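Please open the model in a viewer and keep the sequence panel at hand.

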Amino acid sequence: MKLLIFGLGYTAGFYAAEASQAFEQVTATKRAPEILAEGRFRLLPFDGASEKIDPRVIDALGDADALLVSAGPDAFGDPVLRRLADNIAAAPKLKTIVYLSTIGVYGDHQGAWIDETSELRPSNDRTRWRVAVERDWLALGERAHKNVYVLRLSGIYGPGRSVIEKLRDGTAKRLIKPGQVFNRIHVADIAQAINACFAGAAPSGVYNVTDDEPAPPQDVVTYAAELLGVTPPPEQVFEATQLSPMARSFYGENKRVANKRMREVLEVTPKFPTYREGIGALA
């Protein structure tokens, strides 16, 4: 099987390195790749706003058995669909498409437990765009008879991107907002979920990809500090703390996201079911 990835960010980059062992060929795109070869996988340029598409991208799509889409949407929709929807629909070998989305599409549920059937309450442009693009990908799958999986990811962490690094560089904070919790997911468990989709045993559709235990963010910082043997940063009252608009909006959403469908239908058992296992491994 041959895999094509659109948008080689942190998560897709981790998966590309893993997938290179399982796929005959892995091709990935970036807006402006510094190099056109990345060791075990091929790297090509793709910019959804550009008038011209590299013909090698078209060729890779025509030859792909599996497609992973990690490129984020904009006000005009999904950059991949905008330029390549017809090519994707007509790709002769392409059977499975995995689109990486976010639990941000659910918005705020005031700390209640939610699942894939819960109401979507996107609270900003970014998440409203996500809702529209999810529907566009699912609609393409229906009309082109391809399996489309939408994976709604919770807060992503993993090697080089966790509270461990923030504690070491002094940027970690313990913000206290009573009742606030967040779900998380280790990048290795996202890779597991993507693999399960490409295996094709589970029905296509929407899956929450998240850990078992939504937890207060300050608890995660305290736990990591204990593992490192360092003093945790002082507690700060959320309302009195200077934050960027994006960070403040992040704290404006409070929900507990269930992963039962991921576990029972997609048959993914997280290697890191809570932040304790994940942070412990990273430490």
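**Strands β5 and β6**

Begin by selecting strand β5 (residues 66-69) together with β6: the two run parallel and are joined by four bridges. Strands here are DSSP runs of E with at least two residues, helices are runs of H or I with at least four, and both are numbered from the N terminus; two strands pair if DSSP finds at least two bridges between them. The model is predicted, so that local features need pLDDT of at least 70 and side-chain atom pairs count only at pLDDT 80 or more, whereas totals for chains, interfaces and linings use all residues. Residues are numbered from 1 along each chain as its sequence is written, and side-chain values use heavy atoms, with hydrogens and water left out.

Buried denotes a relative accessible area under 20%, exposed one over 50%, and partly exposed the range in between (1.4 Å probe, protein chains only).

**Strand β1 and its partner**

Next, select β1 (2-6). Five of the five residues of β1 are buried, so the rest of the structure largely encloses this strand. In a regular strand the side chains alternate between the two faces of the sheet. Show the side chains: K2, L4 and F6 point one way from β1, L3 and I5 point the other way, and all are buried.

The pairing of β1 with β2 is parallel and extends over five bridges; I5 has A28 as its bridge partner in β2.

**The enclosed cavity**

Which residues line the largest cavity? Select K2, L3, L4, Q25, T27, A60, D63 and A64 to display the lining. A cavity is defined on a 1 Å grid over the protein atoms alone as a set of points where a 1.4 Å probe fits but cannot get out; a pocket is an open set with protein on both sides within 12 Å along at least five of seven lines, and lining residues have an atom within 4 Å of a point. Volumes are the space filled by probe spheres set on the points, which are joined across faces, edges and corners.

The structure holds one cavity of 30 Å³ or more, and the largest cavity has a volume of about 40 Å³. Strand β1 gives the largest share of its lining, three residues. By class, this lining has four nonpolar, two polar and two charged residues; Ala, Val, Leu, Ile, Met, Phe, Trp, Tyr, Cys and Pro count as nonpolar, Asp, Glu, Lys and Arg as charged, and the others, Gly among them, as polar.

**The nonpolar cores**

Now select L3, L68, L151 and L266, the residues with the most contacts inside the largest nonpolar core, which has 33 residues. Helix α6 (residues 187-199) supplies the largest share of this core, seven residues. Apart from it lies another core, of 28 residues, among them F6, F46, A91 and A144. Such a core is a set of buried Ala, Val, Leu, Ile, Met, Phe, Trp, Tyr and Cys residues joined through side-chain atoms within 4.5 Å.

Centre the view on L68. Leaving aside neighbours within four places in sequence, L68 is in contact (heavy atoms within 4.5 Å) with residues including L3, F6, V98, L100, I194 and F198.

Select G155, I156, R161, K166 and F250, which lie nearest the centre of the largest pocket among its 47 lining residues. The volume of this largest pocket is about 1800 Å³. Helix α8 contributes five residues, the largest share of the lining. The lining of the largest pocket comprises 23 nonpolar, 16 polar and eight charged residues.

For the second largest pocket, with about 340 Å³ of space, select G7, R31, S70, A71 and G72, the residues nearest its centre out of 17 in the lining.

Finish with A89 in helix α3. A89 is partly exposed, at a relative accessible area of 27%, and touches A144 and K146, not counting residues up to four places away in sequence. Then select T127 in helix α4. T127 is buried, with a relative accessible area of 9%.
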